Amino acid sequence: MSSRTKLVWSTLGLSLLVLLPFLAHYALRHMAAQRVRWRGDGQVAALIAQRHYEQAYYLAGKMGGDELPPPQRAQLAFQQAVCARLLDKPEQAYERLNQLRGTLPALEDYRRFWMACSLQDMGEDGAAAGAYEDFLLTSQHQTLTDSVYLRLVALYVNEERYDQALQTYQELLQRLPDQKPELLHHMVQVHETRGDQALARQLQLQLIQDYPAHPRALEAVRRLPALKPPQEAYARAVV
């Protein structure tokens, strides 16, 4: 696996670790707030919450017949789309979400976010990047926006758009200060991938000096070349 590929996957891993566990919870909460109750209401959401995605997908399809009013059908279709993504069926998820345009206003940001994620899952990196960029221009949803930045930076790295990747990381440093050690670590990897060892070294020293107790600081110490000016020697000594 190339260093660029490792960086892409590690960045996506940071997105999943930091932000994505909250998204399904928030989406289901919004759905609960706007739900019109009918027989069997809540069963699909409960299965999703329990991570029984295949059962939830099947039940939503079984319940979503034409006899239901449009709001309930749209809700079940949305739940099916969520399950399809979680079951690694991005094509199905994208198609269902695309058909739901304008049907669930409270979930519109989630619909657009998951459509972009589905494009990325399908390997349509250019289209996914465009969808993420459009999302950032219009959405005020902070949690989703943070996740979009993390996913977008992985796409920039994958497409070797390193300047845009580093600019996006700078934005993330402001948005996610509690993740600064991880973000600095990823910025180091970008500079190393593009062959800029001097800037990579500078960021490694910043990571060591600012966060000496963080595991990424110890990793940076191990990876730094042997050159030791006084400032660097001190930074190494305190980790």
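What follows is a chat about a helix pair, a cavity and a pocket in a predicted model.

Biologist: How are α4 and α5 oriented to each other?

Modeller: Take the axes of α4 (residues 53-63) and α5 (residues 70-86): they come within 9 Å and cross at roughly 150 degrees. Angles over 145 count as roughly antiparallel. So α4 and α5 are roughly antiparallel.

Biologist: And which hand does the crossing of α4 and α5 have?

Modeller: The angle is roughly 150 degrees between the two axes. As for the hand, α4 passes α5 in a crossing that is left-handed.

Biologist: Which element gives the most to the lining of the largest cavity?

Modeller: Here's the lining: H185, V188, Q204, L207, R216, E219, A220 and R223. Elements giving two or more residues to it are α11 (180-193), α12 (197-210) and α13 (215-223). With four residues, the one giving the most is α13.

Biologist: How many charged residues are in the lining of the largest cavity?

Modeller: R216, E219 and R223 are among the lining residues, and Asp, Glu, Lys and Arg count as charged. The lining divides into three nonpolar, two polar and, for charged, three.

Biologist: What about the second largest pocket: where does the largest share of its lining come from?

Modeller: That pocket holds about 190 Å³ of space. Y94, N98, R101, R111, R112, M115, A116, L119, A131, D134 and F135 line the pocket. Two or more of these residues come from each of α6 (90-99), α7 (108-121) and α8 (125-138). The largest share, five residues, comes from α7.

Biologist: How many nonpolar residues does the lining of the second largest pocket have?

Modeller: Among the residues lining this pocket are Y94, M115 and F135, and Tyr, Met and Phe count as nonpolar. The lining has one polar residue and four charged ones, and its nonpolar residues number six.

Note on methods. Residues are numbered from 1 along each chain as its sequence is written. This is a predicted model: local features need pLDDT of at least 70, side-chain atom pairs count only at pLDDT 80 or more; totals for chains, interfaces and linings use all residues. Side-chain values use heavy atoms; hydrogens and water are left out. Axes are lines fitted to C-alpha atoms, for helices over the stretch in contact, and angles run from 0 to 180 degrees between N-to-C directions. Angles under 35 degrees count as roughly parallel, over 145 as roughly antiparallel, 65 to 115 as roughly perpendicular and the rest as oblique. A crossing is left-handed if the near helix is turned anticlockwise from the far one by less than a right angle, and right-handed if clockwise. On a 1 Å grid over the protein atoms alone, a cavity is a set of points where a 1.4 Å probe fits but cannot get out, and a pocket is an open set with protein on both sides within 12 Å along at least five of seven lines; lining residues have an atom within 4 Å of a point. Grid points are joined across faces, edges and corners, and a volume is the space filled by probe spheres set on the points.
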